[in-house]
Amino acid sequence: MHHLPKQIAAVTAALALAAAAASCGSSSSSSSNASSSGGGAVPQVDVTKFTADYAVMKTLQSLAAQGKGKIGVLLPDTTTSTRYVQYDAPNLTKAFEAAGLSSSDFKITNAQGSVSTMQQQAEADITDGASVLLIDPIDTGSGAAIEKNAEAKGLKVIDYDRLVLGGPADRYYVSFNNVQVGKLIGQGEISCINAWGVKNPNILIMDGDPTDNNAKLFAQGYNSVLDPKFADGTYKKVGEPTGTWDPPTAQTLFEQQYTAHPNINAVVTPNDSNAAAVIAALKNKKIPPKTFPTTGQDAGLEGLQNILAGYQCGTVYKPYYLEAQAAAALALYLRAGQTPPSTLVNSTTKDSTIGADVKSVYTPPTWVTVDNMNDTVVKDGKVTGDVTVKQLCSGGLQSACSAAGIQ
Ligand code: BGC
């Protein structure tokens with residue numbers, strides 16, 4: 001499919017559409033929610049063309065008009081990262097609305113960390129006539145159960161950000177290259193150790209929750225960068241205890257490890273909220289800024305402020321407007337009974353549970369420090385409204401912001 005000329009791709013898409021329409025027509029069950037309708041050329045979006053002003057989504061208005069049924073979005077929680085409230089929900093909303101959907105055409109819910117709540121929200125979406133579900137699961141097992149149930153009822157499913165191991169083989173996945181995210185964290189830690197002149201680095205590795213497939217990929221990425229340093233004795237790895245995405249648990253874990261190994265002078269953690277928990281412990285211990293490297297991910301407000309304050313080296317910024325548009329575009333193709341184009345679906349991801357490749361869309365992540373914060377998160381925030389300079393530079397950070405050229 002990837003290398004087919006456009007005309008053949010269009011014919012294939014038309015056949016797929018006809019087949020989908022036929023199967024819809026032959027189904028007498030009211031539970032078959034996926035639908036399609038014909039008419040007009042199918043717009044082809046290119047994953048490399050998404051911008052912070054959502055212009056590409058506007059080219060999908062005819063596709064959106066062809067589709068039927070609601071798009072349900074299931075987000076996991078509000079405590080493991082600020083991203084779900086600060087970025088994902090508003091950016092997905094903007095992406096759907098730019099394509100011309102009204103608020104009754106999609107529903108974004110957050111399960112607040114409860115698997116049963118997410119299951120109920122999925123059921124409610126199905127009852128409400130959803131034809132597509134986007135799911136960022138709390139854990140991969142409960143995610144697979146939700147997806148199988150949705151698929152059995154005729155919905156199309158998309159894994160959002162976290163791969164749902166064991167989901168239906170014909171689903172789609174949208175994310176960042178999460179091993180690459182981990183590598184950026186490992187490389188960021190090394191640069192920071194050098195920049196802050198940390199002697200004899202004794203590093204505690206604090207992973208994310210092992211039930212999140214992403215956490216494994218992040219660890220794979222940063223360990224691949226750091227292992228050679230541990231192996232040649234440049235750095236010492238103090239330990240890598242079982243991971244968590246729960247910041248209070250991360251804080252307790254750090255404190256226990258620090259008491260047991262007072263020589264710890266650097267932490268690798270793949271998330272700003274866990275980093276903030278470690279930083280709170282560092283501040284309690286009166287450890288001065290720019291002496292104890294920590295890392296993070298998500299470019300949450302707290303993470304950005306900890307970077308400006310010299311407690312966090314950097315954060316992986318995953319431009320959410322890219323991920324949200326990719327996800328919304330995928331959803332609009334599926335909702336209209338169309339095959340998403342290969343200019344959008346730029347990769348595949350192995351699902352080891354089902355032993356198959358899942359069609360995927362990856363968008364690129366960036367490592368953000370004080371040096372490029374203004375040109376990345378802040379610049380984008382001026383367009384998307386997600387991060388305002390006023391919020392960022394509050395709480396005594398005005399001079400740090402000025403030094404970083406943020407105004
Ligand atoms: C996401 C991260 C997030 C973490 C905790 C991961 O799956 O990719 O962005 O920080 O979950 O919510």
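Strands β4 and β5 (residues 172-176) pair in the parallel sense over three bridges. Pairing here takes at least two DSSP bridges between two strands, and the elements themselves are DSSP runs numbered from the N terminus, with helices (H or I) of at least four residues and strands (E) of at least two.

Before going on, a word on what you're looking at. This is a predicted model, so to speak of a local feature takes a pLDDT of at least 70, side-chain atom pairs count only at pLDDT 80 or more, and totals for chains, interfaces and linings use all residues. Residue numbers start from 1 along each chain as its sequence is written.

Back to β4, then. It also runs parallel to strand β3 (residues 130-135), and four bridges join the two. Val132 has Lys156 as its bridge partner in β4. To get from β3 to β4, the chain passes through helix α6 (residues 140-152), making a right-handed β-α-β crossover. Right-handed means that, with the strands pointing away from you, the path from the first strand over the helix to the second runs clockwise.

How enclosed is β4? Five of the five residues in β4 (residues 156-160) are buried, so the strand is largely enclosed by the rest of the structure. Buried means that 20 or more other C-beta atoms lie within 10 Å of the residue's own; exposed means 12 or fewer, partly exposed is in between, and the C-beta atoms are placed from the backbone. Lys156, Ile158 and Tyr160 point one way from the strand, while Val157 and Asp159 point the other way, and all are buried.

Now zoom out. The protein splits into domain 1 (6-173 + 320-362) and domain 2 (178-318 + 366-403), with bounds that come from an automatic or database domain assignment. Their centres, taken over C-alpha atoms, are 32 Å apart. The contact between them takes 18 residues from domain 1 and 18 residues from domain 2, counting residues as in contact if their C-beta atoms, placed from the backbone, lie within 7 Å. On the domain 1 side, α4 (83-98) and α12 (320-335) are the elements that give two or more residues, and α4 has the largest share with five residues. By class, that side has seven nonpolar, six polar and five charged residues. Nonpolar covers Ala, Val, Leu, Ile, Met, Phe, Trp, Tyr, Cys and Pro, charged covers Asp, Glu, Lys and Arg, and the others, Gly among them, are polar.

Where does the ligand sit? Both domain 1 and domain 2 give residues to the shell around the ligand, so it lies between them. That shell includes Arg83, Asp161, Arg162, Trp245 and Asp298, where a residue is near if its C-beta atom, placed from the backbone, lies within 6 Å of the molecule. The shell divides into one nonpolar, six polar and five charged residues.

Most residues other than glycine have a negative phi. Gln112 isn't a glycine, yet has a positive phi of about 50 degrees; it lies in the loop between β2 (106-110) and α5 (115-127). Gln112 is partly exposed, with 14 other C-beta atoms within 10 Å. Lys286, also not a glycine, has a positive phi of about 55 degrees and is found in the loop between α10 (272-284) and α11 (301-308). Lys286 is exposed, with 6 other C-beta atoms within 10 Å.

Definitions and conventions
Two residues are in contact if their C-beta atoms, placed from the backbone, lie within 7 Å.
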